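Let's take a walk through this structure together. Have a look at the sequence and the 3D view, and then we will visit a few places one by one.

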Amino acid sequence: MAERAGLTAEIDRWVLSHCLLVLAERARLRRPVRLFVSQTMDTARDAQRIGWLKQLLETRRLAGEQLVLEFRLSEAQENLRELTAFIGALQGLGVTLSLSAFESNQASLQLLHHLPVTFIKLAPRYIGEGLRNPALREEFAPAGRACA
């Protein structure tokens, strides 16, 4: 619904702003955390987002390493050029990248060579019952090695 209404950029900004408030509060309590924040490609397309984020990190005296921006694998694949430029700018702030809904296939694995991905979250099919499925486990295990 948010996409249809053209609100994803505003929602992304609100979520990110709120997460930075949480990080600042946790730092004040001396209980730092690292937050994974789901974002859409609208964030990566926003030319002012990097400057805005930098200002908020500095104002709140936060380390960028506490923030991990998470993009869906499918969006990253479809928008590689835009996301690469955006992530390049984020690295200067210490912010890292996570890909969600990660699939074990050639295209996904090749994407890892183009983006500085720090974390991946597996696609739902690999979780729960998928962990007991030998064929799915084998997708992530190199030949001849068991997947724990």
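**A helix with two sides**

Let's start on the outside of a helix: Arg 81 and Ala 85 are exposed residues on the face of α5 that is turned away from its buried side. Keep in mind that you are looking at a predicted model.

Helix α5 itself runs over residues 80-91, twelve residues in total. From its first C-alpha to its last it reaches 16 Å, close to the 16 Å expected at 1.5 Å a residue.

Now turn to the other residues of this helix. Which residues of α5 are buried? They are Leu 83, Phe 86, Ile 87 and Leu 90. These four lie on the same side of α5, because they cover an arc of only 100 degrees around the axis. Among the elements that cover the buried residues of α5 are the helices α2 (41-45), α3 (49-59) and α4 (73-78), along with the strands β2 (67-72) and β3 (96-102).

One of these covering elements, α3, is also the place of Glu 58. Is Glu 58 buried or exposed? Its relative accessibility is 52%, so Glu 58 counts as exposed, for which the cut-off is over 50%. Glu 58 and Leu 93 are 35 residues apart in sequence, and their C-alpha atoms are 9.8 Å apart in space.

Our last stop is on the surface, where Leu 109, Leu 112, Ile 120, Leu 122 and Ile 127 form a nonpolar patch. Together they have about 380 Å² of accessible area. Helix α6 (106-114) and strand β4 (117-122) each give two or more residues to this patch. Leu 109 sits in α6, and at 38% relative accessibility Leu 109 counts as partly exposed.

Terms used: Residues numbered from 1 in each chain as written. Predicted model: local features only at pLDDT ≥ 70, side-chain atom pairs only at ≥ 80, totals over all residues. Heavy atoms only, no water. Expected span 1.5 Å × (residues − 1). Buried < 20%, exposed > 50% of the residue type's maximum accessible area, 1.4 Å probe, protein only. Arc of directions from axis to C-beta. Contact = heavy atoms within 4.5 Å. Patch = residues over 30% accessible without salt bridge, like charges linked within 9 Å, V, L, I, M, F, W, Y side chains within 5 Å. Areas by Shrake-Rupley, 256 points an atom, 1.4 Å probe, with all protein chains shown as cover. Salt bridge = Lys/Arg side-chain N within 4 Å of Asp/Glu carboxyl O.
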